[in-house]
Amino acid sequence: MINSNNSASASNENSASSPTIEIAPPPPPVCDISFILAHDETKLVFQTFLGFEFNTEPLEFINEVEKLEKLPFPSSEAVKKALSICNTFFVPLYNMTMSAPKEINVNSEVRNQVVDTLLNNNQHLNENEWVTTSTPAKLFETAKDRIKFDLNQESVPRFLKSKLY
C-alpha cells in the first residue's frame with residue numbers, strides 16, 4: 001500500500017510529497033485438508049470437530065492408510081493392515097452381507113475396485129503375502145484422494161467457521 005506523506009514534517013526544503021510504503025501483513029496460511037493433515041495439533045482439533053458432526057470415519061480412514069504407507073513392503077504386516085482397512089471401512093471380506101463397522105462414503109466404482117482387487121486374487125484368504133498386482137497403499141489411493149476432496153469441500157469450511165478453529 002502506498003500513501004502520500006503530506007504531514008508538516010514534509011515542509012522542509014524539499015516540499016514535494018514523498019510516498020511511504022506500508023507492508024501488508026502476510027496472509028494467514030491456507031487451511032485446507034493438506035494443511036490440517038500436516039499439523040498434528042490442528043488435525044486433533046479437526047478430529048474433535050468431526051466427532052461433533054458424527055463423521056470421524058473419513059479422517060480415521062486417512063490415518064490408517066497413512067500408517068499403511070509407512071509399513072515396509074512386502075511384509076505380512078502391510079498385508080494384514082490392508083485387509084483390516086478393507087474390513088473396517090469398505091466391507092468385511094469374511095462376510096460380504098455385513099456392513100463395515102466404520103464404512104466410508106465413496107462411490108461404488110471406488111468401493112468395487114478395492115473389494116474386487118482383494119477378492120479376485122483371493123488376497124482376503126492370504127494374510128502372509130501380497131498376491132495382487134498393486135501395492136497395498138496404492139490400492140487405497142483413489143479412495144483416500146476422494147475422501148480428502150470431500151473433506152475439503154464439505155467439512156473443512158464448516159470447521160473454519162466453528163468455535164474450535
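Predicted model: local features only at pLDDT ≥ 70, side-chain atom pairs only at ≥ 80, totals over all residues.
1. Helix H2 (residues 40–52) packs against helix H3 (residues 57–70) with the axes 10 Å apart and an angle of about 140°. The two helices are therefore oblique to each other. On the H2 side the contact involves Lys-43, Phe-46, Gln-47 and Leu-50, which meet Leu-59, Asn-63 and Glu-66 of H3. By class, these residues are three nonpolar, two polar and two charged.

2. H2 also packs against helix H7 (residues 141–161): the axes come within 10 Å and cross at roughly 95°. Thr-42, Val-45, Phe-46, Phe-49 and Leu-50 of H2 meet Leu-151, Ser-155, Val-156, Arg-158 and Phe-159 of H7. This contact has seven nonpolar, two polar and one charged residues.

3. The model has eight aromatic pairs. One of them, Phe-61 with Phe-89, is edge-to-face, at 5.6 Å centre to centre and 70° between the planes. Phe-61 is in helix H3 and Phe-89 in helix H4 (residues 76–89), so the pair links distant parts of the chain, 28 residues apart. Phe-61 is buried, at a relative accessible area of 0%, and Phe-89 is buried at 3%.

4. Phe-61 also pairs edge-to-face with Phe-140, at 6.3 Å centre to centre and 75° between the planes. Phe-140 lies in the loop between helix H6 (136–139) and H7, so its pair with Phe-61 of H3 ties together parts 79 residues apart in sequence. Phe-140 is buried, with a relative accessible area of 0%.

5. Phe-46, Phe-49, Phe-159 and Tyr-165 form one aromatic cluster. Phe-46, Phe-49 and Phe-159 are also among the residues of the contact between H2 and H7.

Key:
Residues numbered from 1 in each chain as written. Heavy atoms only, no water. Axes fitted to C-alpha atoms, helices over the stretch in contact; angles between N-to-C directions. Helix = DSSP H or I, 4+ residues; strand = E, 2+ residues; numbered from the N terminus. Parallel < 35°, antiparallel > 145°, perpendicular 65-115°, else oblique. Contact = heavy atoms within 4.5 Å. Nonpolar A, V, L, I, M, F, W, Y, C, P; charged D, E, K, R; others polar. Phe/Tyr/Trp six-rings, centres within 6.5 Å; stacked < 30°, edge-to-face > 60°. Buried < 20%, exposed > 50% of the residue type's maximum accessible area, 1.4 Å probe, protein only.
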